[in-house]
Each structure stands twice: as C-alpha cells, then as structure tokens.
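Take a look at the sequence and the model below. This report covers the surroundings of a ligand, then a sheet.

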Amino acid sequence: MNKKFSLPRGTSDILPIDVTLWGSIENLIRQKLNQYNYKEIRTPIFEETELFARSMGQSSEVVAKQMLSLTRSDADNKEKSGLSLRPEGTAAVVRSYIQNGMFKQEGLSRLFYFGPMFRGERPQKGRLRQFHQMGVEAIGPNSASPYLDAEVIALAVNVLKSLGLNNFQLKINTLGTAKDKGVFARWLKERLKDCIDHLSEASQQSFHENVFRILDSKEPEAQKLIDSLHLDHSYLSDESRTYYAQVKNALDILNVPYQETPRLVRGLDYYTQTVFEISDASLGSQDALGAGGRYGGLVQQLGGPEDVEAVGFALGIERIILALGDQERSPSVLDIFIMAMEEGFLDHAYALLHQLRDQFPQHSVEMNYNVSSMKSQLRLANKKNARFVLIIGKDEAESNAVTVKNMSTGDQRTMSMDHHMQGLKDFLKNN
Ligand code: AMP
C-alpha cells in the first residue's frame, strides 16, 4: 500500500466548514482596521534570517531555538540559504517600510498585516508551528505619542470585542527609554545575582543574555523570586514617568480598562516605553491572545532613519478561535443544484449549468455528473444544503422545459426553456 501522508506536527488544516468562521473573523477585523484607517501590507513569508536576528535579538528564544530556516534541495548545496520563514510580522514590515522609503511620506504610516507565521516550538494546545497573526504597526518620523500608544492598545481591545470576546485582561507596563532599560537591567542583575544559582539553567542563561526574560519565566521558583523583588518604577527617568502617565490618561479617556503589571517586559529586545499584553484565563497555559508595544530604536537598527518611531501589536488568530469556544459553524450552502434524470440529458444540463453561472454571478451553481434516481439525487442535494434544485427529466426534455424545486418549501414549477432565465430569476427572487 502507498504511504499515507499526515500533517507536519504543529500545523493544522483549515477545512471548508471552518473557513467560513475564519472568513468572518477576517472580515470583522478588516472592518475595525478600516475604521482606524490602517492599510494592509503583504510581505513575503520568508526573509533573510539576519533580519529576524537583528530585530528580535540573536539570543531571543525565537531566534536562538525556533527559527525554521530554508535549505536548497540541490545535492551540492544543502547548507542553509540564509533565509528563514517569518516567526512574526514586525521585522518584515519595518524592512519594507525602510526599503520603500515610506518615511519620506509626511506623518504616520498606519499599516496592518494578516497571515501565517512559523516557529519551531514544541506543539501543544494553542501553540503551533504554523499559526496566524493579524498585526498593526504605526510607523513614522517623530511619531512617539502617548495618544498613539493608547490608540493602538484600544484598537487591539476593540478588534477582540468586535469578534465577541469580552473576558480578556489587558496588562500594561512601561520599560522606559533604552537608557532606562539599561538602568533597570543593572538593578535586576544586582538583586538577582546572589540567588540565580537556585534557578533553572534557562533562567541562568537569561540572566547573562537578557535579564528581562527571567521576568517572563513561568517557572514557579523564578516567579517567587520576582515577587520578592517588589518591582516598581524607581528606575524610570522623569521623561518616561510622564510618558507612561499620559498613556494611562489616554486609555482612561478611551474608557479602556487595564491592569498595571510592572513585571510585564516582553521577551524581545526592541521594546521601549509602553508594552502590553492581552490574555484570556480560559485558554490555560497558553493564555496570551496578543501583545505589543512601542519600539523606539528598531527602525534605526534595521538601517532606517534615526527619528522614525513605531508602535504595534499582534493577535493570534488560532488563540482567538479557541477563546471564542464552540461557535456555531454554519454549514456551506449551495444555491442551485442541477440534476439530469437520464444520460441523454446531460449535455443539456451541462449547457444550462454554464449559462446559470454566467447569468447568476451572485449564486453558487453545481450539477451532478452521475445520473441516478430522483430519490438519491435529491438526497445528495439535501446533503449539499441546496436551496434550489433544477430537474431535467423526460417530460422536461420533451417539452424543452426545466423543473425548479424550492428545497425548503417543496414548491416546484416547470418552466419553458425559452423563457426560463427570466422565469428562474423571478422564482429565485420570490422564494
Ligand atoms: P508574540 O509575537 O510571541 O508576542 O505573539 C503574539 C501572539 O501570537 C500571541 O499572543 C499568540 O496569540 C500568538 N502566538 C504566538 N506564538 C504562537 C504559536 N506558536 N502558536 C499559536 N499562536 C501563537
């Protein structure tokens, strides 16, 4: 027997029954983004590995352990191509922003993306190797504004609300400027250095590479230790303190409730000032629906002008679908199903099929190429949720007619083929 293939681990098929839900989620998200005047950008699903290393940090969990890199298939060239599937959207959007000189436009570029992301993580519920994100990036020269940070946070919250989610928590924090981050890192290291030996190897590695990641750790030992530090914002400069107060004020104006969480730092190097995360406790251990924040130096770090600032977020679509729970999946509906009752009428039915697809562009039309009894063809029509069935049987063929049946009411009418298009249009309209 030939080998049967299965999905690669950590990926999933989105079957037709689920595509309807995916489509409506995407439509609602697009509507919300349109309200806020965000424009879609589509970048390739792979980029230079170095782009991700430079933006997320070589030592970040994603770059160090989860990158899915590409190799060429020709025998002599099995080494890595220097390209990787994108693990997130920000780096590519910023790369494109710089490459296309968008910074020359006056003001802010409000951009959004929607698509698959790839990370070689250990798969579990809510954690896939191919998953989908929608994300926004508001990028522009001298664009740092607490109002904009609050707008972006409110947009994330409102996207989730528009999808029918309400039981999520928004956590916010500030990291301060890059300089403040340095002070905070030294403060943390000073306090952690005597107890770091009690933590796991991973935490010890974080201590040396990027001490903030210890704050992200889910290990109970690390959590206890962090609790004992009673984190506050003592490391912040006055400038950052004021900025943070203004972000909170702007969120209050927008009536967006938040929980201040001083230990929220986000594992990636590029964040400065505002950071936020949205979680839903019903999701269990993988409870983040999305996250984001401001990244002051990223554009410059990727070769763009110094004064360009950005703020953004990404939401995980699979997590949103998990949080929505068992939504009713509406079965697909077929508008018109054509059935021929004898082989000899197939040509006729086939011509009608193409005529209908031409004349009824809003309707879905299909025909059964396998002639069988009326009963079994009607059963098939029911399975397909057909709204109308067009029957071409002996009587119809002899009188050059077609019988139209409304499958929900059972009403049916035989119409002359000479006038059937207008007759059909009227019948469909009135049923
Ligand atoms: P991150 O860039 O890691 O902050 O991810 C942003 C959002 O994408 C998370 O809050 C999740 O909702 C989603 N996400 C991240 N990684 C995965 C994954 N491996 N599988 C499914 N969703 C993910």
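Ala, Val, Leu, Ile, Met, Phe, Trp, Tyr, Cys and Pro count as nonpolar, Asp, Glu, Lys and Arg as charged, and the others, Gly among them, as polar. By that scheme, the shell around the ligand holds six nonpolar, four polar and five charged residues. This is a predicted model: local features need pLDDT of at least 70, side-chain atom pairs count only at pLDDT 80 or more, and totals for chains, interfaces and linings use all residues. Residues are numbered from 1 along each chain as its sequence is written, and side-chain values use heavy atoms, without hydrogens and water.

**The ligand**

The ligand is surrounded by 15 residues, each with a heavy atom within 4 Å of it. Among the closest are Glu121, Leu128 and Arg266. The table gives polar contacts (pairs of N or O atoms within 3.5 Å).

| Polar atom | Distance to a ligand oxygen |
|---|---|
| Arg119, side chain | 2.9 Å |
| Gln133, side chain | 3.0 Å |
| Ala288, backbone | 2.9 Å |

Alone, the ligand exposes 470 Å², and the protein buries 88% of that (Shrake-Rupley method, 1.4 Å probe). Strand S10 gives the most to the shell, with four residues. Strands are DSSP runs of E, at least two residues; helices are runs of H or I, at least four.

**The sheet**

Three strands form an open sheet in the order S2-S4-S3, with antiparallel pairing. Pairing takes at least two DSSP bridges between strands. S2 (46-48) and S3 (69-71) each have a single partner strand, so one side of each is left without a neighbour in the sheet. Two bridges join S3 to S4 (residues 80-85). Thr71 stands opposite Lys80 in S4.

Technical notes:
A polar contact is a pair of N or O atoms within 3.5 Å; within protein, one must be able to donate a hydrogen and the other to accept it, and residues adjacent in sequence count only if both atoms are side-chain atoms.
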